[in-house]
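Visitor: I would like to learn how to read a protein structure. Could you take me through one, feature by feature?

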Amino acid sequence: MNTITVYSNRQQAIEATQKQFSPDLIGDFVAWIDRSEKTARSYITNLKQFLAWLRFTEIKNPARPDVINYREWLLNEHEAISLAPGTAAGWQYRTDAAGNRVKVNCKPNTAAQYLRSVCQFFKWTAANDLYPDIAANIHAPKVKHDTHRKDAFTFSEVQAIENNISLQAEQATAAAILANKDKAGRVQRSTEQGKRLYAMYLLAVNCGLRTIEISRANIKDLETKGGQSWLYIWGKGHAEPDQKKAVAPEVVAAIRDYISSRTDKHTGSSPLFVSTGNRSHGKRIASTTISTMLKRAMQAAGFDSERLTAHSLRHSTGIAVMEITNQNIYMTQKYMRHSNPATTEIYINSTAKEEQQAAALANDVYSLFHGQQATDSRGQLEQIISRLNPQQLQKLAGLAAAMA
């Protein structure tokens, strides 16, 4: 489908509205919505992209077909654009470091986010008689919710990443000791960085914290009462640290070990995790930076995939809690701090064991056709039988009896 198709009925639709579209309406809409600062920024980003597209296509008074066209443009590969108020056209191509135009095509979930902002905006303009709701009943791209978009780690993989983080920290400290220039500073900084990454990793994979929650935490949010430590979390959709989370002693020890190594002048009100950079020393470390650090830790341990991100650690936590509690969705919901139990359901039917069985069967099938059938067939049969559950074994025994 041509993403800049001119629909024959567009002009009639525009004339029928008798309204003029103004980019200033976007600013008025963002000022009106009662949302958090982060959500407001998302609306601004999404609507700026739509405005850039309107200028790119030279559409001054958008109509319903234009919104549909915008959706298709997002989903298909295109050269990325952005607003450029200082230029005559009002938009520009996005380029990489070498000056080449960047080509992108949005994933369904991303395109749906962009479109939802557009739909909310025009719903508001219509309610205030500023511009008709040209996006009413336009469907966002279908996003699959039956399976999780991120992979999880097995228990051995979690341990492998953790061990590699410790190893990398030790190597960085050793390299700092060998450095001739600014020896003391390098050693101290390397030690702090290694302990910081280790503590953040434990919070992510053992407590299931999101990167934004790790970033928001302050030192005073970690308390110990009656021998049990708790972290007050500023969770998703909340306005303050009001979610009480139990923390294992080993995780607390790692956090306090990191705090004791810090080189900034910190107090209880200081961020729990801070930057060590020359310009940003002692400042709160951003959630995007935490995501990048955890991703690099995974890659360093040999786990490099688009489906493995910092959120995979939280996903691993959910699967672990579900297994420990014998598939207790209520306890898992509370531990993961989901407001809706439907969100927790993604952990119920984990495909990890099914994938392991499928991989084993694939090897068995290959061996059956290409292996040493004469000498290994009995062993292969025994392996296959060992993977059957009691019900399958009972059926097999019944079949054998019938054949006899």
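Guide: What follows goes through cores, aromatic pairs, strands, a helix and a loop residue. This is a predicted model, in which local features need pLDDT of at least 70 and side-chain atom pairs count only at pLDDT 80 or more, while totals for chains, interfaces and linings use all residues. Residues are numbered from 1 along each chain as its sequence is written, and side-chain values use heavy atoms, with hydrogens and water left out.

Visitor: Which residues touch the most other members of the largest nonpolar core?

Guide: In soluble globular proteins, nonpolar side chains tend to be buried together. A nonpolar core is a set of buried Ala, Val, Leu, Ile, Met, Phe, Trp, Tyr and Cys residues joined through side-chain atoms within 4.5 Å. Buried means under 20% relative accessible area, exposed over 50%, and partly exposed in between, with a 1.4 Å probe and protein chains only. Here the largest core has 40 residues, and Y201, L203, F273 and L294 touch the most other members.

Visitor: Which elements give two or more residues to this core?

Guide: Helices (H or I, at least four residues) and strands (E, at least two) are DSSP runs, numbered from the N terminus. The elements giving two or more residues are helix 6 (155–178), helix 7 (183–206), strand 6 (228–233), helix 9 (249–261), helix 10 (287–300) and helix 11 (310–324). Helix 7 provides the largest share, eight residues. To see one member's surroundings, take contact as heavy atoms within 4.5 Å. Beyond its neighbours within four places in sequence, L203 contacts G208, L209, I214, L231, V251, I255 and F273. There is also a second, separate core of 33 residues, which includes V67, Y70, W124 and Y131.

Visitor: How many aromatic pairs does the structure hold?

Guide: Rings of Phe, Tyr and Trp (its six-membered ring) pair if their centres lie within 6.5 Å; planes under 30 degrees apart count as stacked, over 60 as edge-to-face and the rest as tilted. The structure holds 21 such pairs. One of them, F29 with W124, is tilted, at 5.6 Å centre to centre and 55° between the planes. Because F29 lies in helix 2 (residues 24–32) and W124 in helix 5 (residues 108–127), this pair ties together parts 95 residues apart in sequence. F29 is buried at 1% relative accessibility, and W124 is buried at 8%.

Visitor: Why is the pair of F50 and Y70 edge-to-face?

Guide: Their ring centres are 5.0 Å apart and their planes stand at 70°, so the pair counts as edge-to-face. F50 is in helix 3 (residues 37–56) and Y70 in helix 4 (residues 64–75), so parts 20 residues apart in sequence are tied together. F50 is buried, at 1% relative accessible area, as is Y70, at 0%.

Visitor: Which face of strand 6 is covered, and which is uncovered?

Guide: In a regular strand the side chains alternate between the two faces of the sheet. In strand 6, S229, L231 and I233 make up the covered face, and Q228, W230 and Y232 the uncovered one. On W230, the charged end of K244 sits over the ring, 4.4 Å from its centre. The test for this is NZ of Lys or CZ of Arg within 6 Å of the ring centre and within 35 degrees of the ring normal.

Visitor: How many bridges pair strand 5 with strand 6?

Guide: Two strands pair if DSSP finds at least two bridges between them. Strand 5 (residues 222–225) and strand 6 are antiparallel, with four bridges; T224 has S229 as its bridge partner. Their hairpin has two residues between the strands, and G226 there takes a positive phi near 60°. Strand 6 also pairs in the antiparallel sense with strand 7 (residues 243–247), over five bridges, where S229 has V247 as its partner.

Visitor: What do the buried residues of helix 3 pack against?

Guide: They pack against helix 2, helix 4, strand 2 (81–83), strand 3 (91–93) and helix 5. Among these buried residues are Y43, L47, F50 and W53. Just after helix 3, E58 takes a positive phi of about 60°.

Visitor: Is Y347 buried or exposed?

Guide: Y347 is buried, at 3% relative accessibility. Y347 lies in the loop between helix 13 (341–344) and helix 14 (352–370). Its contacts beyond four places in sequence include R314, H315, M322 and T332.
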